[in-house]
Amino acid sequence: MADIYAFPASPSEDGRGGVPRPEGVPDVVWHAVQTVRAMPHMAGMRYREIPVPSTLADFGIGVELEYDSSDEPPSRTATGWIMVLYAAQGRRGWTSQWRCVAFARLPLDENERDCLTPSMYWEDMLDALDTVDPEGVRGTVTVTRNTSFGDMESEPHAGCEMRVSWTPSVSPEGADAGAQVSVWAQFLRASVDDGERTVIG
């Protein structure tokens, strides 16, 4: 797979910023790359590029995300990643040449750990994705409870893991990958912080 995206983009030697377009990258894919470069960054959210396995698609953009609400102890952390994938011929189960796959590891209070928790998290996720008009949303929600022993002994830790995929809406120019990354970042932050979402350029 071509190395089509560097995140965050660093200035080039000529000072104009950005990364040159690699040979062989389709226009629609390059448009998606540019939308991620242009998207605003959410305050407090850490972004990092991750590789996309070539077995998943012909091209892809992968971004790892982490948000830590460290204002007041104990801090709550949400982590995850999203990949925006493009396959020239599409893939089985896709309804488009584009598909988003995403993962989230979310904090969970012990008193929230019941049989309704997966459905509640799923509905929250659907509400978040509603702003990007997804199609064919599917996935799993797993409630976890980790207990450490020995030198790592501590209080039991509960959490929630989500694995989700969907088809993004696409314009003639291509997919707005930046919007997909942003909405997943907003969902992660909302899981630990119900305050106003703030973005920085």
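The structure is a predicted model. The protein has 3 helices and 10 strands. Of its 201 residues, 39% count as buried. The mean pLDDT is 80.

**Overall fold**

- Along the sequence, the elements follow the pattern α-β-β-β-β-β-α-β-β-β-β-α-β.

**Nonpolar cores**

- The largest nonpolar core has 45 residues.
- Leu65, Leu106, Met162 and Trp184 have the most contacts inside this core.
- Helices H1, H2 (117-129) and H3 each supply at least two residues of the core.
- Strands E2 (45-49), E3 (59-69), E4 (76-86), E5 (98-107) and E7 (157-167) each supply at least two residues as well.
- H3 gives the most to this core, with 7 residues.
- Another core, of 7 residues, lies apart from the largest one. Among its members are Val52, Met83, Leu85 and Ala87.

**Around Leu65**

- Leaving out residues up to four places away in sequence, Leu65 touches Met45, Arg46 and Tyr47, among others.
- Its partners also include the run Ala78, Thr79, Gly80, Trp81 and Ile82.
- Further on in the sequence, Leu65 touches Val181, Trp184, Ala185 and Leu188. Trp184 is itself one of the residues with the most contacts inside the core.

**Helices H1 and H3**

- H1 covers residues 27-38, and H3 covers residues 177-190.
- The two helices pack at an angle of about 45°, with their axes 6 Å apart.
- Angles under 35 degrees count as roughly parallel, and 65 to 115 as roughly perpendicular. H1 and H3 are therefore oblique to each other.
- H1 makes the contact with Ala32, Thr35 and Val36. H3 makes it with Ala177, Gly178 and Val181.
- By class, this contact has 4 nonpolar, 2 polar and no charged residues.

**Glu161, a buried residue**

- Glu161 is in strand E7.
- Buried means under 20% relative accessible area. At 15%, Glu161 therefore counts as buried.
- Glu161 and Pro107 are 54 residues apart in sequence, and their C-alpha atoms are 9.0 Å apart in space.

- Asp133 is in the loop between H2 and strand E6 (135-146).
- Most residues other than glycine have a negative phi.
- Asp133 has a positive phi of about 50°, although it is not a glycine.
- Exposed means over 50% relative accessible area. At 54%, Asp133 therefore counts as exposed.

**Confidence**

- Of the residues of the protein, 73% reach a pLDDT of 70 or more.
- Among the elements, H3 has the highest mean pLDDT (95). Strand E10 (residues 199-200) has the lowest (46).
- Over residues 7-17, pLDDT stays under 50. The model has 14 contacts beyond four places in sequence for this stretch.
- Over residues 195-201, the pLDDT is below 50. This stretch has 14 contacts in the model beyond near neighbours in sequence.
- Where pLDDT is low, the predicted coordinates should not be read in detail.

Note on methods. Residues are numbered from 1 along each chain as its sequence is written. This is a predicted model: local features need pLDDT of at least 70, side-chain atom pairs count only at pLDDT 80 or more; totals for chains, interfaces and linings use all residues. Side-chain values use heavy atoms; hydrogens and water are left out. Axes are lines fitted to C-alpha atoms, for helices over the stretch in contact, and angles run from 0 to 180 degrees between N-to-C directions. Helices (H or I, at least four residues) and strands (E, at least two) are DSSP runs, numbered from the N terminus. Angles under 35 degrees count as roughly parallel, over 145 as roughly antiparallel, 65 to 115 as roughly perpendicular and the rest as oblique. Contact means heavy atoms within 4.5 Å. Ala, Val, Leu, Ile, Met, Phe, Trp, Tyr, Cys and Pro count as nonpolar, Asp, Glu, Lys and Arg as charged, and the others, Gly among them, as polar. A nonpolar core is a set of buried Ala, Val, Leu, Ile, Met, Phe, Trp, Tyr and Cys residues joined through side-chain atoms within 4.5 Å. Buried means under 20% relative accessible area, exposed over 50%, partly exposed in between (1.4 Å probe, protein chains only). pLDDT is the predictor's confidence in each residue, from 0 to 100.
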